[in-house]
Amino acid sequence: MTEKLLQFIWQFQYFNKQSLCTVAGETLQVLQAGYLNKNQGPDFEQARITVNQTSWAGKVELHIYASDWLKHGHQEDERYNKVILHVVWHNDVAISDNNGNVFPTLELQTRVSNILLSHYDSWMQADQQIPCGKNITTVPALTWQTWKNRLLIERLQAKNSVIQHHLEQTNYHWEEVFWRMLCRYFGGSINGVSFEQVAVSLPIQIVSKHKNQIHQLEALLLGQAGLLHKNLKETYPKLLYREYQFFQKKYLLRVINLPPSFLRMRPVNFPTVRLAQLAMLIQKSQYLFSKIRDAENTKDIKHLFDVTANDYWNYHYRFDEEAEMIPKRIGSQMFDTLVINAIVPVLFSYGIYSNSDAIKEKAISWLEQVKLEKNGLVAPFISLGVPNLTAFDSQALLQLKKEYCDAKRCLECAVGNAILKRD
């Protein structure tokens with residue numbers, strides 16, 4: 001038994017309430033368990049009970065052993081003067097209030113299901129990736145759907161804190177913030193931080209000045225990423241290097257301190273290719289976030305990202321290394337990745353900023369319009385039979401795995417709660 005589990009049992013009243021009485025034999029009725037107090041003081045506030053048909057309203061304190069009251073020094077703390085009930089797992093000593101009156105005490109160890117305790121203990125000891133995996137498919141579909149929606153909102157709210165930081169840095173310039181988020185996820189899991197540094201070092205105002213000249217855009221992006229140097233051999237890379245030298249002096253630019261990597265990735269994802277595609281996206285679009293904000297669904301914006309890198313990249317993945325002719329087009333998978341990681345989070349944050357439930361709901365609905373991303377963290381749920389059909393599902397399950405299953409926050413999980421409630 002732990003205090004968290006005891007709090008959980010009391011909060012949801014998961015114990016046998018038949019012929020309920022205190023350890024002194026007084027009849028007890030719980031009218032309202034109260035609200036969990038996450039600050040200092042008694043565990044639950046605004047509780048209501050009757051003891052021998054006398055009504056009481058106040059606070060409830062929980063302990064594994066009754067003697068923990070004394071060990072924690074509550075008898076000397078005035079915040080505990082309004083405790084109306086002491087709920088314990090084991091009553092090892094009688095506790096009195098400051099006036100010498102014995103507290104009404106409820107002992108729970110004989111009133112809680114052994115199956116509930118066994119399940120919880122097995123989850124805490126489990127070494128599998130999903131602690132409640134053996135029972136997970138018994139949870140009703142409605143519970144899953146409601147919980148996934150809550151998990152998704154949690155995930156977007158967490159990303160909102162990152163976006164809020166960018167907003168404060170840019171004086172709430174939404175196009176600038178979207179530019180940064182777009183760059184980050186163009187870089188993928190390996191080069192995301194590097195690409196974000198490029199975006200921060202190249203404000204959208206500078207980039208927009210050169211949107212009509214693709215080679216100037218490439219020079220700015222590739223130069224800031226540290227991918228241009230004087231030893232390049234082919235004509236086009238040399239041109240980009242000369243252009244970048246000029247812009248570097250004009251705008252007082254400094255190359256980022258974290259150069260992008262080429263290791264452990266397919267050539268189509270090389271930073272040179274992605275930055276070239278990003279340059280073409282800038283040339284082909286204007287006020288990109290505004291268009292996204294005003295769109296009704298993902299189909300309305302997909303054409304905005306249907307771009308192909310400059311002709312040079314048809315035959316290259318890296319500078320000075322000619323390859324088979326393949327157009328470097330932004331594909332559907334890349335578009336879905338951007339929707340999931342950049343477009344929807346910024347759109348949801350804009351909904352928070354503008355206090356618009358409609359925009360927030362639109363952002364969430366867009367995740368149901370794109371394919372789920374492949375992620376090994378979600379695989380255990382799929383093997384257990386949990387539905388995973390769209391990005392809505394996969395993002396929710398990713399949040400569940402990282403924030404609840406890995407941390408074994410089973411008592412705060414609607415799925416774990418449903419299983420224990422049934423027990």
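**Pockets, salt bridges and burial**

Student: Which helices each supply at least two residues of the lining of the largest pocket?

Tutor: They are H4, helix H5 (174-186), helix H6 (188-201), helix H10 (271-284), H12, H13 and H16. Helices are DSSP runs of H or I with at least four residues, strands are runs of E with at least two, and both are numbered from the N terminus. This is a predicted model, where local features need pLDDT of at least 70 and side-chain atom pairs count only at pLDDT 80 or more, while totals for chains, interfaces and linings use all residues. Residues are numbered from 1 along each chain as its sequence is written, and side-chain values use heavy atoms, with hydrogens and water left out.

Student: What makes a space a pocket and not a cavity?

Tutor: Both are found on a 1 Å grid over the protein atoms alone. In a cavity a 1.4 Å probe fits but cannot get out, whereas a pocket is an open set of points with protein on both sides within 12 Å along at least five of seven lines. A residue belongs to the lining if one of its atoms is within 4 Å of a point. By that test, 47 residues line the largest pocket, and Gly188, Gln333, Thr337, Asn341 and Glu373 lie nearest its centre. H13 gives the most to this lining, with 8 residues.

Student: How do the lining residues of the largest pocket divide by type?

Tutor: There are 14 nonpolar, 17 polar and 16 charged residues. Ala, Val, Leu, Ile, Met, Phe, Trp, Tyr, Cys and Pro count as nonpolar, Asp, Glu, Lys and Arg as charged, and the others, Gly among them, as polar.

Student: How many cavities of 30 Å³ or more are there, and what lines the largest?

Tutor: The count is 1. The largest cavity has a volume of about 90 Å³. Its lining has 13 residues, with Cys132, Cys405, Cys410, Cys413 and Gly416 nearest the centre. That lining divides into 12 nonpolar, 1 polar and no charged residues. H16 gives the most, with 3 residues.

Student: Why is the pair of aspartate 393 and lysine 148 called a salt bridge?

Tutor: The term requires a side-chain nitrogen of Lys or Arg within 4 Å of a carboxyl oxygen of Asp or Glu. Here the N to O distance is 2.9 Å, so the pair qualifies. Aspartate 393 is in helix H16 (residues 391-405) and lysine 148 in helix H4 (residues 141-169), 245 residues apart, so the pair links distant parts of the chain. The whole structure holds 8 salt bridges.

Student: Are aspartate 393 and lysine 148 buried or exposed?

Tutor: Buried means under 20% relative accessible area, exposed means over 50%, and partly exposed lies in between (1.4 Å probe, protein chains only). Aspartate 393 has 8% and lysine 148 has 4%, so both count as buried.

Student: What makes phenylalanine 103 count as buried?

Tutor: Phenylalanine 103 has a relative accessible area of 8%, which is under the limit, so it is buried. It sits in the loop between strand S5 (83-90) and strand S6 (105-107). Contact means heavy atoms within 4.5 Å. Leaving aside residues up to four places away in sequence, phenylalanine 103 touches Trp69, Tyr80, Val83, His86, Ile95, Ser96 and Asp97. From histidine 86 it is 17 residues away in sequence and 6.7 Å in space, C-alpha to C-alpha.

Student: How does the radius of gyration of the protein chain compare with that of a compact globule?

Tutor: The protein chain has 29 Å, but a compact globule of 423 residues would have near 22 Å. The radius is taken over C-alpha atoms, and the globule rule is 2.2 Å times the number of residues to the power 0.38. Along the principal axes, the C-alpha atoms fill a box of roughly 95 × 45 × 40 Å. Of the 423 residues, 51% count as buried.

Note on methods. Grid points are joined across faces, edges and corners, and a volume is the space filled by probe spheres set on the points.
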